[in-house]
Amino acid sequence: MKPEDVIEQVIDIATEAGQTIRDIYLKGNFKREMKSDNTPVTSADLAAHDIICRQLAELTPDIPILSEEAADIPLSVRETWKRYWLVDPLDGTGEFIAGSGDFSVIIALVEHNRPIMGVVYVPMTKVCYYAIAGLGAYKRDGKNETRITSKQLTGDEPENLRLAVSRRQDPQSVLKLLNKPNHCELVVMGGAALKSCLVAEGRADCYVRLGPTGEWDTGAAQIIIEEAGGALIDINLQPMTYNERETLENPNFIVVGSANLPWDILLTS
C-alpha cells in the first residue's frame with residue numbers, strides 16, 4: 001500500500017471524526033474526566049477514537065494502530081511494527097474544554113520510525129492540512145486546495161521572528177529560550193498541531209514547545225512541516241524519533257520554518 005492510495009480515505013476518516021467532535025462541542029453536552037497521567041479526556045476524545053480506529057482497521061486491517069486513548073502497548077510489542085497508524089483523536093482537549101475552538105484531529109502513518117503521511121483536520125473551520133513524504137504539503141479549505149510552504153528566512157540573525165505560542169502558556173517561558181526575545185512577534189493559537197501548521201504555511205516562523213506531549217501530537221505535524229520546507233526537532237536540534245522508547249512522551253521540541261537558520265545560535269544554551 002502506498003500512502004497516496006489511501007490519503008483521501010484517511011482525510012474522510014479524520015473529517016468524520018472531526019464532525020462528531022464539532023457536534024459534541026456545539027451542543028456542549030460532553031463528559032469530562034481525568035486520566036491516570038492527570039490530563040483531561042472527554043466523551044468527544046473517545047467518540048473520535050472509536051470512529052478513527054474502527055475505520056482505519058477496516059481500511060488497512062494489517063496495519064496496527066497506536067492512539068492516545070489506547071496507548072498502553074509495551075515497546076516489546078510496538079518495536080515489531082514496521083508500519084503503524086499514530087493517532088490523536090482530539091489534539092487540544094484543554095482548548096476544547098475551554099471553548100476556544102482551537103483543536104484538531106491528527107492521523108499519521110509511521111514507517112521505520114519516521115512519519116511518511118500526516119493529516120491534521122480542524123473541526124471548527126473544516127480546514128485540512130496533509131502531507132505525504134516526497135509529494136509535498138497541502139491545505140484544503142472547502143473546494144480550494146493549495147500547496148503550502150514555510151517561510152524561508154535568510155541571514156544568521158533575522159530581524160524579527162514570528163513565534164507561535166499557546167494562549168494558555170506564559171510566553172516568557174518560551175521567549176527566554178531565544179537570544180533576542182525583543183525581536184519576536186507572538187502569534188497566538190491553541191493546539192500543538194495547529195501551531196505547527198501555522199509554521200508550515202508560513203504564518204509563523206517557529207513554535208517552541210515546552211512541557212509534556214506524546215508522539216501522537218507530532219507525527220502528522222512533522223511530515224507536514226518537513227514537506228513544507230521546515231523541520232520538527234528537539235531543542236538540542238536532533239531529529240524526533242518514534243516508537244523507539246518505552247515511554248511515548250516527547251522531549252521539548254521546536255518547529256522551524258527555515259531549517260537552514262543557525263538555530264544553535266538563536267536558541268540559548
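Because the model is predicted, local features need pLDDT of at least 70 and side-chain atom pairs count only at pLDDT 80 or more, while totals for chains, interfaces and linings use all residues. Residues are numbered from 1 along each chain as its sequence is written, and side-chain values use heavy atoms, with hydrogens and water left out.

**Stop 1: the annotated residues**

Begin by selecting Glu68, Asp88, Leu90, Asp91 and Asp217, which UniProt, in an unreviewed entry, lists under "binding site"; such positions are given in the numbering used here, with feature names shortened, and annotations may be inferred rather than shown by experiment. These residues are spread over 150 residues of sequence, yet they cluster in space, with a largest C-alpha distance of 9.6 Å. The lining of the largest pocket includes Glu68, Asp88, Leu90, Asp91 and Asp217. Here a pocket is found on a 1 Å grid over the protein atoms alone, as an open set of points where a 1.4 Å probe fits, with protein on both sides within 12 Å along at least five of seven lines, and lining residues have an atom within 4 Å of a point.

**Stop 2: along strand β4**

Next, select strand β4, which covers residues 83-91; strands are DSSP runs of E with at least two residues, helices are runs of H or I with at least four, and both are numbered from the N terminus.

Asp88 lies in this strand and counts as buried at 1% relative accessibility, where buried means under 20% relative accessible area, with a 1.4 Å probe and protein chains only. Leaving out residues up to four places away in sequence, Asp88 touches Glu68, Ser104, Val105, Ile106, Trp216 and Asp217, a contact being heavy atoms within 4.5 Å.

With residues up to four places away in sequence set aside, its partners include Gly191, Ala192, Ala193 and Asp217.

**Stop 3: helices α6 and α7**

Now select helix α6 (residues 192-200) and helix α7 (residues 215-228), which pack at an angle of about 5° with their axes 9 Å apart. Axes are lines fitted to C-alpha atoms, for helices over the stretch in contact, and angles run from 0 to 180 degrees between N-to-C directions. The angle makes α6 roughly parallel to α7, a term for angles under 35 degrees. Where they meet, α6 contributes Ala193, Ser196, Cys197, Val199 and Ala200, and α7 contributes Asp217, Ala221, Ile224, Ile225 and Ala228.

**Stop 4: helices α1 and α2**

Finally, select helix α1 (residues 3-27) and helix α2 (residues 43-59), whose axes are 9 Å apart and whose packing angle is about 160°. The two helices are therefore roughly antiparallel, the word used for angles over 145 degrees. Residues of α1 including Ile13, Glu16 and Ile21 meet residues of α2 including Ala44, Ile51 and Gln55.

To end the tour, pick out Gln55, which is placed in helix α2 and is buried, with a relative accessible area of 16%. Apart from neighbours within four places in sequence, Gln55 is in contact with Ile13 and Glu16.

How values were computed. Parallel < 35°, antiparallel > 145°, perpendicular 65-115°, else oblique. Buried < 20%, exposed > 50% of the residue type's maximum accessible area, 1.4 Å probe, protein only.
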